[in-house]
Amino acid sequence: MTLTSGTALVTGGGSGIGEGLVRRLAERGMTVLVADVDLGRAEAVAERVRADGGEAVAHSVDVTDPAAMGRLAGEVFERHGSLELLVNNAGIETGGRVWEIDPARWRSLMAVNLDGVFHGVAAFVPRMIGQGSPATVANVASVGGVTTMPFQGAYIASKHAVVGLSECLFHDLADVGSAVRVSVVLPGWVRTRIFADAGGLAPQGDSGAGEHFEAMRVSNLERGLDPYDAAERIVDGLARGDFWVFTDDRGPELMRRRGEQLLERGLPTQP
Ligand SMILES: NC(=O)c1ccc[n+]([C@@H]2O[C@H](COP(=O)([O-])OP(=O)(O)OC[C@H]3O[C@@H](n4cnc5c(N)ncnc54)[C@H](O)[C@@H]3O)[C@@H](O)[C@H]2O)c1
């Protein structure tokens, strides 16, 4: 799986890590479909790729809508015949003590971060299996998929679930002898608009949730990798065929600590 030809589709490709992936994959020679709920963002990224000499097409899709994902998959296979890489990347943030999280916000976060990955798999994987040639599904979780912390219950629960779903998908694909492989991506800090876009949706009450969320937003901007650099690490991992894919060396270290904690049945610790 060299990821140098064929077609790739990146959900949430209009910003941040998704945009970095779109640019890197196009530079390697893939035709990249930039799928985002914000069509303006997707078009701007596709336009930039084309201006740089690559091939990219913008698509408007809401990953929370299974019918829309199904229609997109039909359109992609009709136009391109196969899909060599599907990146289920779209994701959103929120904050708050577990008992403070607004149920509507919980649902909308799960709808994007977890259901969106499921809908991507359900819409595209049967067709990818059917094409009979090698292909990869990359589900973007987070180092938050193997860590825990206060104020991040919804986001962390969604990312642990994406890790579990990806491992189960690995078993399902192996059971049916498919040429489709799956990877799960665990980015560390990457400088994007994810906290800014979540805006005032983090609780601002007395618990400190608002201050914590603001500190995370600032950390993301000050400590985060450039998305284009993070994408290079991700694409290298996917091209090697790694199951666990990281953006920096802290990811493997956090996984090691999680392993030790489970082995020793230790109390939860923070990263
Ligand atoms: N930035 C980080 O530090 C970081 C760390 C670990 C994991 N991640 C994960 O990486 C992924 C990308 O995040 P990012 O930081 O690049 O965020 P971002 O906000 O910069 O980009 C996310 C994109 O997803 C799109 N999107 C949101 N809801 C959608 C929907 N329903 N359907 C289709 N598209 C939708 C947005 O319009 C946006 O363009 C997410 O899954 C996030 O959880 C990010």
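F151 sits in the loop between β5, residues 135-140, and α5, residues 153-175. Please keep in mind throughout that this is a predicted model. The phi of F151 is near 70 degrees, which is a positive value in a residue other than glycine. For background, most residues other than glycine have a negative phi. Is F151 buried or exposed? F151 counts as buried, because it has 25 C-beta neighbours inside 10 Å, and the cut-off for buried is 20 or more.

There is another residue of this kind to look at. R265 is not a glycine either, and its phi is positive, about 50 degrees. You will find R265 in the segment after α9, which covers 250-263. R265 is exposed, because 6 other C-beta atoms lie within 10 Å of its own; the limit for exposed is 12 or fewer.

Now the protein as a whole. The secondary structure comes to nine helices and seven strands. Along the principal axes, the C-alpha atoms fill a box of roughly 55 × 40 × 35 Å. A compact globule of 271 residues would have a radius of gyration near 18 Å, and the protein has 18 Å, so the two agree. Of those 271 residues, 45% count as buried. Look also at the contacts with a separation of 6 or more: 73% of them are between residues 24 or more positions apart.

Next, a pair of helices. Two packed helices are described by the angle between their axes and the distance between the axes. Here the pair is α1, residues 16-28, and α8, residues 227-240, whose axes come within 8 Å and cross at roughly 60 degrees. The crossing is right-handed. Which residues meet? On the α1 side they are G16, I17, E19, G20, L21, R23, R24 and L25. On the α8 side they are P227, Y228, A230, A231, E232, I234 and V235. By class, the residues of this contact divide into nine nonpolar, two polar and four charged.

Let me stay with one of them. I17 is in helix α1, and it is buried, since 27 other C-beta atoms lie within 10 Å. I17 and I234 are 217 residues apart along the chain, while their C-alpha atoms are separated by 9.5 Å. Leaving aside neighbours within four places in sequence, the contacts of I17 include P227, A230 and A231, and also N89, V140, P187, V190 and T192.

From there we go to a strand. T11 is found in β1, residues 7-11. T11 is buried, because it has 30 other C-beta atoms within 10 Å. V63 is 52 residues away from T11 in sequence, but 7.5 Å away in space, C-alpha to C-alpha. With neighbours within four places set aside, T11 is in contact with residues including G18, A35, V63, V87, N88, N89 and A90, as well as G116 and G120.

Last, the ligand. Which residues come nearest to it? Of the 32 residues around the ligand, these are G12, S15, G16, G91 and T192. The elements that give two or more residues to this shell are α1, α4 (103-131) and α6 (194-198). The most come from α1, with three residues. Sorted by class, the shell has 12 nonpolar, 14 polar and six charged residues.

Note on methods. Residues numbered from 1 in each chain as written. Predicted model: local features only at pLDDT ≥ 70, side-chain atom pairs only at ≥ 80, totals over all residues. Axes fitted to C-alpha atoms, helices over the stretch in contact; angles between N-to-C directions. Helix = DSSP H or I, 4+ residues; strand = E, 2+ residues; numbered from the N terminus. Left-handed = near helix turned anticlockwise from the far one by under 90°. Contact = placed C-beta atoms within 7 Å. Nonpolar A, V, L, I, M, F, W, Y, C, P; charged D, E, K, R; others polar. Near = placed C-beta within 6 Å. Rg over C-alpha atoms; globule rule 2.2 N^0.38 Å.
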